[in-house]
Amino acid sequence: MSKPTAINFSEVAAIVPAHNEEESIRKTISALLQVLPSKNIYVVSDFSTDKTIEIISNELKEEIKSAHGNNEKMVLFINRKGYTPTTVCNDCHKTILCEK
């Protein structure tokens with residue numbers, strides 16, 4: 001039996017669905033930061049009605065300041081409506097357009 005291969009966490013990403021998670025989002029992100037670089041953590045909030053967005057926004061501001069101070073690059077994806085009219089396949093790059 002072969003030995004398990006060590007996981008390179010710089011190649012792992014976490015997508016965190018966060019709908020009305022103001023009670024737990026800080027703890028969740030803190031736990032993920034123990035094993036993943038912040039650039040690999042994606043938080044998706046779908047019309048939260050509590051303070052989830054405010055908490056995430058404050059955490060994001062600190063990450064932006066840190067990246068800027070370290071002269072690092074950062075990409076922000078902002079889609080406040082939660083909708084995109086197209087989907088692109090990562091393999092073949094075919095674009096599918098929504099008819100609605």
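Thr52 touches Ala18, Asn20, Glu21, Glu22 and Ser45, leaving out residues up to four places away in sequence. Contact here means heavy atoms within 4.5 Å. This is a predicted model, in which local features need pLDDT of at least 70, side-chain atom pairs count only at pLDDT 80 or more, and totals for chains, interfaces and linings use all residues. Residues are numbered from 1 along each chain as its sequence is written, and side-chain values use heavy atoms, with hydrogens and water left out.

Stay with Thr52. The residue is found in helix α2. Helices (H or I, at least four residues) and strands (E, at least two) are DSSP runs, numbered from the N terminus. At 0% relative accessibility, Thr52 counts as buried. Buried means under 20% relative accessible area, exposed over 50%, and partly exposed in between, with a 1.4 Å probe and protein chains only. A polar atom of the Thr52 side chain lies 2.7 Å from the backbone nitrogen of Glu21. That is a polar contact: a pair of N or O atoms within 3.5 Å, where within protein one must be able to donate a hydrogen and the other to accept it, and residues adjacent in sequence count only if both atoms are side-chain atoms.

Ser48 comes next. Its place is the loop between β2 (41-44) and α2. Ser48 is buried, with a relative accessible area of 15%. Not counting residues up to four places away in sequence, Ser48 touches Ala18, His19 and Asn20. Its side chain makes two backbone approaches. A polar atom of the Ser48 side chain lies 3.2 Å from the backbone oxygen of Ala18. The Ser48 side chain also reaches the backbone nitrogen of Asn20, at 2.9 Å.

Now the overall layout. The protein has two helices and four strands. Read along the sequence, they follow the pattern β-α-β-α-β-β. Of the 100 residues, 14% count as buried. The accessible surface comes to about 8,900 Å², and 55% of this belongs to carbon and sulfur atoms. Accessible areas come from the Shrake-Rupley method with a 1.4 Å probe; for residues, only the protein chains shown count as cover. Take the contacts between residues at least 6 apart in sequence: 59% of them join residues at least 24 apart.

Which residues form the largest nonpolar core? Its 10 residues are Ala14, Val16, Ala18, Ile25, Ile29, Leu32, Leu36, Ile41, Ile55 and Ile56. β1 (14-17), α1 (25-33) and α2 each supply at least two residues of this core. The largest share, three residues, comes from α1. A nonpolar core is a set of buried Ala, Val, Leu, Ile, Met, Phe, Trp, Tyr and Cys residues joined through side-chain atoms within 4.5 Å. In soluble globular proteins, nonpolar side chains tend to be buried together. Leaving aside neighbours within four places in sequence, Ala14 is in contact with Leu32, Leu36, Asn40, Ile41 and Tyr42.

Move to the surface. Ile7, Phe9, Val12 and Val35 form a nonpolar patch there, with about 330 Å² of accessible area together. Patches are made of residues with over 30% relative accessible area and no salt bridge; like charges are joined within 9 Å, and nonpolar side chains (Val, Leu, Ile, Met, Phe, Trp, Tyr) within 5 Å. Phe9 sits in the segment before β1. Phe9 is partly exposed, at 37% relative accessible area. Glu11 lies in the segment before β1 as well. Glu11 is exposed, with a relative accessible area of 66%.

How many salt bridges does a search of the whole structure find? It finds one. A salt bridge is a side-chain nitrogen of Lys or Arg within 4 Å of a carboxyl oxygen of Asp or Glu. The side chains of Glu62 and Lys65 meet in it, at 3.8 Å from N to O. Side chains of opposite charge can pair when their charged atoms come close. Glu62 and Lys65 are three residues apart in helix α2, so about one helical turn separates them. Glu62 counts as partly exposed at 47% relative accessibility, and Lys65 counts as exposed at 56%.

Asn71 has a positive phi of about 55 degrees although it is not a glycine. Asn71 lies in the loop between α2 (52-69) and β3 (86-88), and at 72% relative accessibility it counts as exposed. His93 is a residue other than glycine with a positive phi, near 65 degrees. The place of His93 is the loop between β3 and β4 (95-97). His93 is exposed, with a relative accessible area of 58%.
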